[in-house]
Amino acid sequence: MRIALIAHDGMKTTMVDWVGRQYGELARHELVATESTGALLTERFGLAVQQVASGPLGGDQQIGAMIVDRRVDLMIFFWDPMGLHPHSPDVQALMRLAVLQDVPMALNPASADRVLRSLAATGRPEGSAAVAGHRRTPSVRPDPVRRRTPAAGPATASRPSAAPAASRRSPASRWADASASPSDPRRGPWGAHGSGRTPTVPSER
């Protein structure tokens, strides 16, 4: 497994102390580091470290390219949160690539210890998706397709229409119907025919 080691100038001493504590585990793996960090570790511990350019001179970008090519499995990057770095855009790009490629990344000794303990126990960093040489590459997914709710179709059965309300009939219309009724030709609503009376139509009130 290949491990990238990077430390800003203000964190070089922290990197040396940490490598000294984890020497036995680190010596089992391939190591790659930026120029000044790699030279320091080789001098102090005699480790075989592949060196790239110094960070401000493009070393961060070189390690980022190795991450994209899937040639780095773990990155230990002790960055100085209190220092000013002229190559901050390179640092941010390196971290972004590590996140995009799902490469485990430790930014301080505590997280680096945890990752190495996981590595010693399982043979690969905790949370790493690199299995059998394959790493999950995140893809940009389009917005989820919104499913249209089918429009309600016409009702299969028509609702029964409300019963027609009883029509209000005026007394005049009831009198006209009764006078034309053939059931009793001799009588109308006001008595017998021929009585000489003129029926009076009651007024509606």
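Tutor: One caveat first: this is a predicted model. A place to start is helix 4 (residues 59–68) and helix 5 (residues 88–100), which pack at an angle of about 15 degrees with their axes 9 Å apart.

Student: What does that make helix 4 relative to helix 5, roughly parallel or roughly antiparallel?

Tutor: Helix 4 is roughly parallel to helix 5, because angles under 35 degrees count as roughly parallel.

Student: Is the crossing of helix 4 and helix 5 left-handed or right-handed?

Tutor: Helix 4 and helix 5 cross in a left-handed sense.

Student: Which residues make the contact?

Tutor: From helix 4, the contact uses D60, Q61, I63, G64, I67 and V68. Helix 5 contributes D90, V91, L94, L97 and A98.

Student: And by class, what does the contact of helix 4 with helix 5 have?

Tutor: Seven nonpolar residues, two polar and two charged make up the contact of helix 4 with helix 5.

Student: Another pair, then. How do helix 1 and helix 6 cross?

Tutor: Helix 1 (residues 12–21) and helix 6 (residues 109–122) cross at roughly 25 degrees, and their axes come within 11 Å. The two are therefore roughly parallel to each other. Helix 1 passes helix 6 in a right-handed crossing, whereas the crossing of helix 4 and helix 5 is left-handed.

Student: Which residues meet there, in helix 1 and in helix 6?

Tutor: On the helix 1 side they are T14, W18 and R21, and on the helix 6 side P109, A112, D113 and L116. By class, that contact has four nonpolar residues, one polar and two charged.

Student: Zoom out. How many helices and strands does the protein chain have?

Tutor: Seven helices and seven strands. Starting at the N terminus, the order is β-α-α-β-α-β-α-β-α-β-α-α-β-β.

Student: What share of the residues count as buried?

Tutor: Of the 205 residues in the protein chain, 33% count as buried. The chain exposes about 14000 Å², and 53% of that comes from carbon and sulfur atoms.

Student: And how much of the contact set is between residues 24 or more positions apart?

Tutor: Taking contacts with a separation of 6 or more, 66% are between residues 24 or more positions apart.

Student: Give me one residue as an example. Where does I3 lie?

Tutor: I3 lies in strand 1 (residues 2–7). With a relative accessible area of 0%, I3 is buried. I3 and V72 are 69 residues apart in sequence, yet their C-alpha atoms are 6.1 Å apart in space.

Student: What does I3 touch?

Tutor: Leaving out residues up to four places away in sequence, I3 touches L26, H29, E30, L31, V32, L74, I76, L116 and L119. One of these, L116, also belongs to the helix 6 side of the contact with helix 1.

Student: Now backbone angles. What is the phi of R70?

Tutor: R70 has a positive phi of about 65 degrees although it is not a glycine. R70 sits in the loop between helix 4 and strand 4 (74–78).

Student: How does R70 count at 39% relative accessibility, buried or partly exposed?

Tutor: R70 counts as partly exposed.

Student: What about the phi of D102?

Tutor: D102 is not a glycine either, and its phi is positive at about 60 degrees. The place of D102 is in the loop between helix 5 and strand 5 (105–106). D102 counts as buried because its relative accessibility is 18%, and the cut-off for buried is under 20%.

Terms used. Residues numbered from 1 in each chain as written. Predicted model: local features only at pLDDT ≥ 70, side-chain atom pairs only at ≥ 80, totals over all residues. Heavy atoms only, no water. Axes fitted to C-alpha atoms, helices over the stretch in contact; angles between N-to-C directions. Helix = DSSP H or I, 4+ residues; strand = E, 2+ residues; numbered from the N terminus. Parallel < 35°, antiparallel > 145°, perpendicular 65-115°, else oblique. Left-handed = near helix turned anticlockwise from the far one by under 90°. Contact = heavy atoms within 4.5 Å. Nonpolar A, V, L, I, M, F, W, Y, C, P; charged D, E, K, R; others polar. Buried < 20%, exposed > 50% of the residue type's maximum accessible area, 1.4 Å probe, protein only. Areas by Shrake-Rupley, 256 points an atom, 1.4 Å probe, with all protein chains shown as cover.
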